[in-house]
Amino acid sequence: MTDRSEMFDRLKALIEPFNKKGVEVGETTTFAGDLEWDSLTVMDFVAEVEDSFDIIISMNLQAEIENVGQLVDAVTKLTAA
Amino acid sequence: MTDLFSKFDALIAQREGLLATGVKDPFSLVMEEVKSPTVAVVNGKETILLGTYNYMGMTFDDDVIAAGKQALDEFGAGTTGSRVLNGTFQGHKECEDALKEFYGMDHAMVFSTGYQANLGIISTIAGKGDYVILDIDSHASIYDGCKMGDAEIVAFRHNDVEALEKRLKRLPADAGKLVVLEGVYSMLGDVAPLKEMIRVSKEAGAMILVDEAHSMGFIGENGRGVAEEQGVLDDVDFVIGTFSKSVGTVGGFCVSNHPKFEIMRLVCRPYVFTASLPPAVVACSAASIRKLMHNGNKRAHLWENSRNLHQGLRDLGFKLGTPDAQSAIIAVIMPDLEKGAMMWAALLENGLYVNLARPPATPAGMTLLRCSLCAEHSSEQVADILSRFERAGKAVGII
């Protein structure tokens with residue numbers, strides 16, 4: 001469980017610079033709905049995550065990620081591989 | 001019953017809101033008469049055309065029109081068939097021969113539109129387990145080609161060589177990779193650093209597709225596009241292009257030196273499952289492509305027009321999409337959609353047509369007035385265009 005909360009904290013830290021609305025970020029926070037990110041912000045954020053973890057989050061996978069919890073799962077899986 | 005149209009409610013509301021401010025609908029304009037590549041009648045008024053992509057002004061070329069009329073007489077109005085059944089006429093072969101000669105390549109495949117060329121080639125060659133790596137600002141036809149195929153799609157920041165290289169290095173070394181680039185990006189009219197991008201892509205073992213829709217006919221020594229201009233055309237595996245810009249007709253194509261390329265005619269669904277171009281269209285296109293091979297003076301004049309418009313608009317105080325004129329597209333950045341629509345309408349009132357481009361077609365949520373120049377615009381017309389921009393810009397309060 002610590003691994004998961006560590007991952008959550010790392011991703012939350014990456015989200016914050018893009019969190020212009022000052023939304024309280026939790027597992028169920030959605031990128032489009034709660035954070036109100038447009039496609040450009042999403043792209044910048046994805047690039048940040050990709051470069052921080054040295055991974056690729058394909059657009060196919062991005063389409064399945066709607067909230068922070070799903071992102072934590074996806075990045076955990078990608079970094080374990 | 002759930003109304004399937006409810007998903008469009010936000011867009012409908014936005015559109016109604018815009019029209020309620022009194023501006024004319026920018027997306028339902030009718031060209032009542034077309035007098036030349038640069039002049040049409042709109043709302044009963046003679047209007048200079050500055051948003052047609054008719055870069056080389058071939059739409060009214062005498063030889064092009066004569067070729068089309070002859071084909072119409074000799075081969076009829078349409079083919080009523082697929083290229084792989086009854087829809088390949090002599091004219092289609094001649095058109096493909098003209099393309100092979102124009103690009104100096106071994107294979108050419110003509111599609112019914114440029115959209116279908118991207119849709120077909122990308123979705124067919126990149127399959128399950130392969131990767132398509134594309135610029136985030138790619139044209140809709142490229143995205144749709146990705147969506148139609150089964151490959152994994154990886155996007156990188158616009159024209160960012162380092163971002164491309166990093167992503168290529170993270171992909172499995174033995175996976176099939178297709179890097180999709182454009183020579184000129186049509187929204188801002190900026191040119192890609194193809195030389196560097198192709199180098200890093202080759203190093204990663206990727207195949208390369210370059211869409212040269214907005215550069216054919218006037219960029220590069222022989223008008224083959226940005227890859228030719230930057231000396232890297234030999235490293236491009238597939239060039240995609242269109243007839244609906246410099247060629248002046250409609251249709252799309254892919255040219256390639258890949259030894260197995262001809263198999264595409266059997267496996268590419270947007271090629272197989274649609275009717276081929278009408279005889280007159282392929283005849284006009286072939287005549288136009290052959291003329292575009294020898295067009296040095298027209299190219300030089302188009303560049304002069306583009307540079308003059310860019311300089312003039314900058315001097316007037318407009319904000320432009322590129323620091324200098326990189327192509328025949330000059331994008332004027334508007335403060336927002338409402339002001340953009342007002343400016344668009346004011347220009348039309350002043351007898352000037354440009355494209356109004358808005359999100360999601362535009363990058364970074366921008367509203368643009370996109371101007372595309374023609375080799376047939378006279379220097380006087382360009383001066384006239386600038387004075388109309390000045391009048392409209394002052395009336396709307398943008399400058």
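This is a predicted model: local features need pLDDT of at least 70, side-chain atom pairs count only at pLDDT 80 or more; totals for chains, interfaces and linings use all residues.
Residues are numbered from 1 along each chain as its sequence is written, while chains are lettered from A and ligands numbered from 1 in the order in which they are written.

To the answer, then: S3(B) and S14(B) run in the parallel sense and share 2 bridges, where pairing requires that DSSP finds at least two bridges between the strands, and where strands (E, at least two residues) and helices (H or I, at least four residues) are DSSP runs numbered from the N terminus. Within this pair, Leu49(B) has Tyr353(B) of S14(B) opposite. Both strands belong to an open sheet of 4 strands in chain B, ordered S1-S2-S3-S14 with mixed pairing. Strand S1 (31-36) and strand S14 (352-353) of chain B each have a single partner strand and stand at the edges, so one side of each is left without a neighbour in the sheet.

Chain B also has an open sheet of 7 strands, again with mixed pairing, in the order S4-S12-S11-S10-S7-S5-S6. Here strand S4 (107-111) and S6 of chain B are the edge strands with a single partner each, so one side of each lacks a neighbour in the sheet. Direction ignored, neighbouring strands of this sheet are turned by 20° against each other on average. Inside it, strand S10 (residues 207-211) and strand S11 (residues 238-242) of chain B pair in the parallel sense over 3 bridges, and Asp211(B) faces Ile240(B) in S11(B).

Now to the helices of chain B. For helix H2 (residues 62-75) and helix H11 (residues 279-292), the axes come within 7 Å and cross at roughly 150°; axes are lines fitted to C-alpha atoms, for helices over the stretch in contact, with angles from 0 to 180 degrees between N-to-C directions. H2(B) and H11(B) are therefore roughly antiparallel, a label for angles over 145, whereas angles under 35 degrees count as roughly parallel, 65 to 115 as roughly perpendicular and the rest as oblique. The residues that meet, meaning that their C-beta atoms, placed from the backbone, lie within 7 Å, include Ala67(B) and Phe75(B) in H2(B), and Cys284(B) and Lys291(B) in H11(B). By class, this contact has 11 nonpolar, 3 polar and 2 charged residues, with Ala, Val, Leu, Ile, Met, Phe, Trp, Tyr, Cys and Pro counted as nonpolar, Asp, Glu, Lys and Arg as charged, and the others, Gly among them, as polar.

A further pair is helix H12 (residues 296-316) with helix H14 (residues 379-396) of chain B, whose axes are 10 Å apart at an angle of about 25°, which makes H12(B) roughly parallel to H14(B). That contact divides into 7 nonpolar, 4 polar and 1 charged residues.

Finally, chain A contains 4 helices and 0 strands, and its C-alpha trace spans about 35 × 25 × 20 Å along the principal axes. Where the chains touch, 13 residues come from chain B and 11 residues from chain A. On the side of chain B, strand S6 (152-156) and helix H6 (161-170) are the elements that give two or more residues, and the residues of that side comprise 7 nonpolar, 1 polar and 5 charged.

Terms used
Two residues are in contact if their C-beta atoms, placed from the backbone, lie within 7 Å.
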